[in-house]
Amino acid sequence: MSGRRAEMWNLIGDVGGTNMRLAAVSSDGEILEQRSFPSKGDVPLEEVCRSFVSPRDGAPGHVVIAAAGVVKDGQVTLTNARQTASESGIAAACGTGHAKILNDFEAAAWSLATVGAEDVTVLQGTTQFQRAPRLIIGPGTGLGVGSLIYAHGQPAVVPGEGGHVAIAPRRADLVAVFDCLTRDWPEVAMGAPLAVEAEALLSGTGLPRFYRALAEVRGTAAVCVENAEIFAAAQTQSDAVAVEAVALFAEYLGAVAGDLGLVLGATGGVFVTGGLALKNPWMFDTGFLEAFNAGGRHQSWREAMPVYLYSNEDFGLIGARNYLMTL
């Protein structure tokens, strides 16, 4: 518009396998406008960004997109959406020279920089958040993991793929279950006999397969098919295999979260999120915390880490915004 200086703004986004949300934010991080679009449609992310930007007064200064998928060399293939996007393509579509794609759990870790008591349910510890390393772990379609540390008093995120660490039978009666799982799904085996990647159980993809392996070994029918059925049958105790599967899910989630928290020294908190966790908060019973805190000689180190159920589902947008504010 003539006679008026164009408003300084930036573009942030949270792109999942089903939906994407884009938002215009001011230079001080205030959300000015937000819109949602389908991720599984025929319109590529770059074109969606272009359509969001075109009616606004001027191009964004920066673009930061949190995306569900592995980010490599500035490019991401979106989980479940069967489309690929790149930083260069997004920058060109938006008319800016500055675009960044964050993995969704890299963004989730960035969201922890501004976490508040209203965002969490305390499972262990208090909401007196220490300015110390923080871990976020989330079982959804896959198992996402991210970590935030403080360097010279400022937050910084260390991206990684913690969802693919190894798990193995924790008791003798589970050996046959893991053996059955790896015969059915050999690509999740981790080289050593019976060891599988954590995502083979702790995800919406893995739990139904683990449930079927457990049913086969226990010599009973696998009545449930979908995750929702497994959790519902476990909560109502209408299916003994579902009860055991969900108890093991919680136990292994606690153990993996405790292990990764110990590696990071997460005295700033371990934050559990993700669709399976948030839809089934009832599963976080004593079995989860006992597995989290099972540290042998150094159990006190694990007990010193606060543990939270992190229920703010906007962590992707918040994380993209928090990263943007560091630029």
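In this predicted model, the largest pocket has a volume of about 1400 Å³. Its lining comprises 46 residues, and those closest to the pocket centre are Ala-68, Asp-104, Gly-140, Thr-141 and Gly-275. Two or more lining residues come from each of the strands β1 (9–15), β2 (19–26), β10 (134–139) and β11 (143–151), and from each of the helices α3 (104–111), α6 (227–236), α8 (275–279) and α11 (315–324). The most is given by α8, with four residues. By class, the lining holds 24 polar, 14 nonpolar and eight charged residues.

The largest nonpolar core has 52 residues, and Ile-137, Leu-202, Phe-249 and Leu-253 have the most contacts inside it. Helix α7 (residues 240–264) supplies the largest share of this core, 12 residues. Leaving aside residues up to four places away in sequence, Ile-137 touches Phe-105, Leu-143, Val-145, Leu-253, Val-256 and Phe-271, among others. A second, separate core has 26 residues, including Ala-109, Val-115, Ile-136 and Tyr-323.

The count of disulfides is zero.

| Cysteine | Nearest cysteine sulfur | Distance | Relative accessibility |
|---|---|---|---|
| Cys-94 | Cys-49 | 4.5 Å | 2% |
| Cys-180 | Cys-224 | 17 Å | 5% |

A disulfide requires sulfur atoms within 2.5 Å. The sulfur of Cys-49 is 4.5 Å from that of Cys-94, so Cys-94 is in no disulfide. Cys-180 is likewise in no disulfide, because the nearest cysteine sulfur, that of Cys-224, is 17 Å away. Cys-94 counts as buried because its relative accessibility of 2% is under the 20% limit. Cys-180, at 5%, is also buried.

Definitions and conventions
Residues numbered from 1 in each chain as written. Predicted model: local features only at pLDDT ≥ 70, side-chain atom pairs only at ≥ 80, totals over all residues. Heavy atoms only, no water. 1 Å grid on protein atoms, 1.4 Å probe; cavity = no way out; pocket = protein on both sides within 12 Å on 5 of 7 lines; lining within 4 Å. Points joined across faces, edges and corners; volume = space filled by probe spheres on them. Nonpolar A, V, L, I, M, F, W, Y, C, P; charged D, E, K, R; others polar. Core = buried A, V, L, I, M, F, W, Y, C linked by side-chain atoms within 4.5 Å. Buried < 20%, exposed > 50% of the residue type's maximum accessible area, 1.4 Å probe, protein only. Contact = heavy atoms within 4.5 Å.
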